[in-house]
Number of protein chains: 2
Amino acid sequence: MNGAQSLIHTLVNCGVRLCFANPGTSEMHFVAALDSVPEMRAVLCLFEGVATGAADGYARVSGSPALTLLHLGPGLANGLANLHNARRAGSPIINVVGEHATFHRQYEAPLTADIVGIARPVSSWICESRRALSVAADAARAVQAARAAPGGVATLILSADAAWNPAERPADKLPDIGAATVNAAAIDNAAKLLRNGRKTVLLLRGAALRGAGLEAAGRVQAATGARLCCDTFAPTTELGAGRVPVERLPYLVEQAIECLAGVEQILLVGTIPPVAFFGYPGKPSRCAPEDCQFSYLAHPHEDGAGALSALADLLGAPARSPLRVPLLLPDIPSGSLDVAGVTAIMAATTPEGAILVDEAITSGPPLLQAMATARPHMHLAVAGGSLGQGMPAAVGAALAAPDRKVVCALGDGSAAYIPQALWTMARENLDVTTVIFANRAYAILNFELQRAGASALGVGPKALSMFDLGRPQIDWVNIAQGLGVEASRATTCAEFADQYRSAMQQRAPRLIEAII
Amino acid sequence: MNGAQSLIHTLVNCGVRLCFANPGTSEMHFVAALDSVPEMRAVLCLFEGVATGAADGYARVSGSPALTLLHLGPGLANGLANLHNARRAGSPIINVVGEHATFHRQYEAPLTADIVGIARPVSSWICESRRALSVAADAARAVQAARAAPGGVATLILSADAAWNPAERPADKLPDIGAATVNAAAIDNAAKLLRNGRKTVLLLRGAALRGAGLEAAGRVQAATGARLCCDTFAPTTELGAGRVPVERLPYLVEQAIECLAGVEQILLVGTIPPVAFFGYPGKPSRCAPEDCQFSYLAHPHEDGAGALSALADLLGAPARSPLRVPLLLPDIPSGSLDVAGVTAIMAATTPEGAILVDEAITSGPPLLQAMATARPHMHLAVAGGSLGQGMPAAVGAALAAPDRKVVCALGDGSAAYIPQALWTMARENLDVTTVIFANRAYAILNFELQRAGASALGVGPKALSMFDLGRPQIDWVNIAQGLGVEASRATTCAEFADQYRSAMQQRAPRLIEAII
């Protein structure tokens with residue numbers, strides 16, 4: 001057994017069964033070892049950002065880490081932006097980054113780079129694994145680190161000779177570092193706050209927005225009348241009919257401030273005080289009123305769902321909140337296609353249990369609004385704000401939940417960051433329907449230019465050209481077909497309704513370019 | 001005048017006239033300021049790797065830095081791999097990376113990241129520019145740092161409020177930190193070494209491989225019989241008929257060792273001792289014989305071209321080397337297309353003065369061989385070994401030399417890293433002909449798997465699937481058309497010859513998928 005084999009066996013022992021790979025020469029022994037460990041599945045990606053974004057999507061849907069296999073510093077660099085998103089989402093991920101053999105590192109061969117330096121801004125744990133005999137131990141610690149609440153990015157830098165030299169037995173799984181229990185005093189304190197008569201918001205994130213956590217939050221609301229809110233880009237949420245309703249803070253800081261006007265205290269559950277996405281001249285950064293009091297019911301690494309449940313019990317809350325999102329499906333509109341038409345058709349047609357990966361940017365808020373009362377589904381947001389997450393995360397989501405329909409909603413600007421993910425969808429025959437909201441512009445920037453006050457000096461043609469994706473027009477049908485995915489274009493509501501309905505009925509990758 | 005305007009005026013004062021941009025909200029004041037400075041051209045890129053790779057290509061062809069405009073830490077991260085290549089090439093580049101407003105940084109908004117940490121592994125100079133009044137000074141220093149010999153990546157992190165707050169006058173250009181003159185003692189020493197009767201190689205890089213530097217190297221060779229060699233991935237070389245011939249070290253370490261067998265001393269001109277691209281089990285890393293003596297005629301930051309010229313004078317070399325590459329154009333082959341057919345047709349048809357951006361990987365050595373005696377041209381290699389450089393560098397090369405034909409030779413694997421560059425070619429109507437060597441595999445890895453000894457345990461289907469790009473087949477004609485570039489496919493030599501000849505005659509972007 002060589003180091004690579006002991007590494008992969010250890011990862012399997014630790015519950016990691018899926019590897020998103022874009023390997024190179026320094027990873028050849030890892031690649032060769034894959035066949036000796038049947039439990040490890042390897043999914044090839046054309047670009048490293050596909051691998052890291054897919055690992056994020058997989059982690060968010062399954063709760064478990066996947067592996068990425070990346071080629072030295074530059075390979076890690078290509079995956080870095082989606083690791084930034086994963087870090088913000090608290091997604092457990094293990095990166096195996098190949099490195100030159102230990103004896104080769106000193107010579108400054110062309111691909112030599114400061115891998116630790118590249119990894120540091122996104123990783124909660126980094127290890128340079130240089131000896132075959134200790135690779136297994138390092139891998140077990142990597143999985144433990146990635147899974148440590150609230151979930152993090154663990155980067156194991158694997159020297160080529162640590163992979164090819166003889167190794168010993170694989171290592172076993174280490175105990176999980178689960179979410180810490182919130183102590184009774186903190187629960188008591190929260191209960192007291194909720195009874196003090198002040199206008200209160202529970203700001204939720206993480207497990208508090210899913211399953212038992214969300215149900216417990218609903219009970220607290222039922223007992224106290226406190227509002228339930230979540231961050232604009234709460235990474236993973238369960239939405240739609242039958243769920244406990246949660247207000248999502250608007251993207252625009254002015255609207256977020258209005259949403260929180262009059263709020264006197266905010267109990268934070270797995271999140272931090274709400275803040276504007278960007279700073280603007282003369283606008284505040286914080287969304288809550290100046291004199292609003294913050295209290296942590298649960299820090300991100302703590303068991304927010306458990307704390308909410310204990311809090312509900314202490315408050316004598318009913319066993320189940322009566323407040324539920326109703327099922328309200330819009331009528332299928334007609335006429336030429338626009339954002340309202342696309343979102344209405346998606347809301348009316350998307351099946352129960354779907355996973356909606358949302359990188360629709362300017363079309364995102366209307367999509368969220370339309371989907372709010374649709375059939376129950378899971379929503380994945382761009383947690384770190386870095387574009388290019390949508391299609392890769394859809395790849396990971398589809399592999400985590402092969403029996404669920406994945407819908408990937410993208411702006412044409414955001415879709416252009418990492419379209420290579422379509423190829424992996426085709427290769428693995430993933431059940432993903434990608435909808436491109438094609439407005440042929442970076443529409444968000446046109447809007448932000450005004451908001452930032454940057455247009456005060458006048459807006460000229462050079463500035464406007466920076467938001468224009470219409471010269472030339474991107475043909476998404478061509479691109480998808482070029483990458484092996486069936487695709488079509490819709491310019492009317494009837495066309496989009498037909499195409500989307502048929503996509504919901506098939507179980508294969510599909511792309512629809514919706515001209516809006 | 002605000003900070004952004006003072007920044008752009010300063011950059012123009014310092015000779016920087018081109019900005020490869022993928023901006024976001026934090027860069028809106030920079031974007032708005034573009035129209036107030038007519039001398040600064042802005043070229044929009046769909047992905048940040050296009051911007052940084054284009055800046056590298058521009059720098060290599062023009063010798064001058066271009067600007068990139070990137071959106072916070074994740075935007076920089078997406079451009080990082082091509083900055084790695086640029087760093088290895090010694091290409092001067094100035095990154096302007098937008099950052100949150102100073103007052104906003106503390107709140108951990110989603111896009112907040114350690115920008116300095118991300119920049120450090122690729123940057124020779126980093127500055128966090130936080131005050132509008134000093135942005136101009138910082139920009140002048142950034143240009144000076146980027147241009148300092150041998151050229152580097154300067155990263156200026158621009159806080160949004162430093163862009164929008166009132167500023168003072170722009171700054172003027174600072175003196176260039178040019179290549180240091182090699183002193184007379186070092187020249188004397190080199191002359192002595194060249195007369196000691198040992199088998200000698202001059203290993204050249206940088207200015208020593210172009211124009212006057214290459215001519216001077218030829219004179220030294222003519223006077224002494226020393227061999228002229230260059231690194232496998234020498235970033236920028238002038239090749240073809242009429243040029244002083246230089247032996248390129250082979251990619252394979254075994255062949256490189258054979259090439260340097262018996263060499264007793266190597267004079268380094270702007271480079272470091274030659275090293276294998278990767279380390280392999282049981283194979284050496286160094287390409288030169290164990291007892292070979294190294295001597296630096298010029299370090300990378302020193303004036304290698306000037307040193308060679310002084311050395312030639314001291315040696316009493318002839319004014320011009322008689323050794324010249326002959327013009328030998330291959331016949332146009334017929335039959336079904338293969339690598340030999342593609343490279344022969346390219347060699348026979350590519351016009352004088354073309355710029356060949358070479359990321360053809362396994363097809364690269366035969367292409368170099370075929371082009372060696374073709375019409376004189378410039379060759380750009382993947383200096384840092386990070387794939388995804390080809391098409392972006394072609395964008396920059398075409399903008400640096402609008403009157404020259406740019407040919408971009410890619411493997412289908414390497415082309416899949418950053419195909420978005422095609423859109424910028426179409427948008428700017430750049431005279432780039434892209435040739436995809438479509439073997440539908442990561443062929444280099446199949447090969448490296450054997451070489452690394454990783455196949456000793458047997459090669460299984462999972463490993464082999466990691467090199468297979470044929471499932472599904474990528475349709476490059478579709479992808480190019482989707483991004484606005486005219487495209488065609490060739491499966492016979494006659495088809496490729498027709499298509500390539502017509503591409504050489506037009507002055508617009510064009511892609512040919514050569515099925516090999």
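**View 1. The domains of chain A in a predicted model.** Chain A is divided into domain 1 (3-164), domain 2 (184-314) and domain 3 (339-515), with bounds that come from an automatic or database domain assignment. This is a predicted model, in which local features need pLDDT of at least 70 and side-chain atom pairs count only at pLDDT 80 or more, while totals for chains, interfaces and linings use all residues. Residues are numbered from 1 along each chain as its sequence is written, and chains are lettered from A in the order in which they are written.

**View 2. Domain 1 against domain 3 in chain A.** The C-alpha centres of domain 1 of chain A and domain 3 of chain A lie 29 Å apart. Their contact (C-beta atoms, placed from the backbone, within 7 Å) takes 25 residues from domain 1 of chain A and 26 residues from domain 3 of chain A. On the domain 1 side, the elements giving two or more residues are β2 (41-44), α3 (48-62) and α4 (72-89) of chain A, and α3(A) gives the most, with eleven residues; helices (H or I, at least four residues) and strands (E, at least two) are DSSP runs, numbered from the N terminus.

**View 3. Chain B against chain A.** In this view, 86 residues of chain B are in contact with 87 residues of chain A. Helix α20 (residues 476-482) of chain B supplies the largest share of the chain B side, five residues.

**View 4. The two copies superposed.** A rotation of 180 degrees with 0.0 Å of shift along its axis brings chain B onto chain A with an RMSD of 0.0 Å, by least squares on the C-alpha atoms of residues with pLDDT of at least 70 in both. The two copies are therefore related as by a two-fold rotation axis. The same surface serves both copies, since 100% of the contact residues of chain B recur in chain A.

Key
Two residues are in contact if their C-beta atoms, placed from the backbone, lie within 7 Å.
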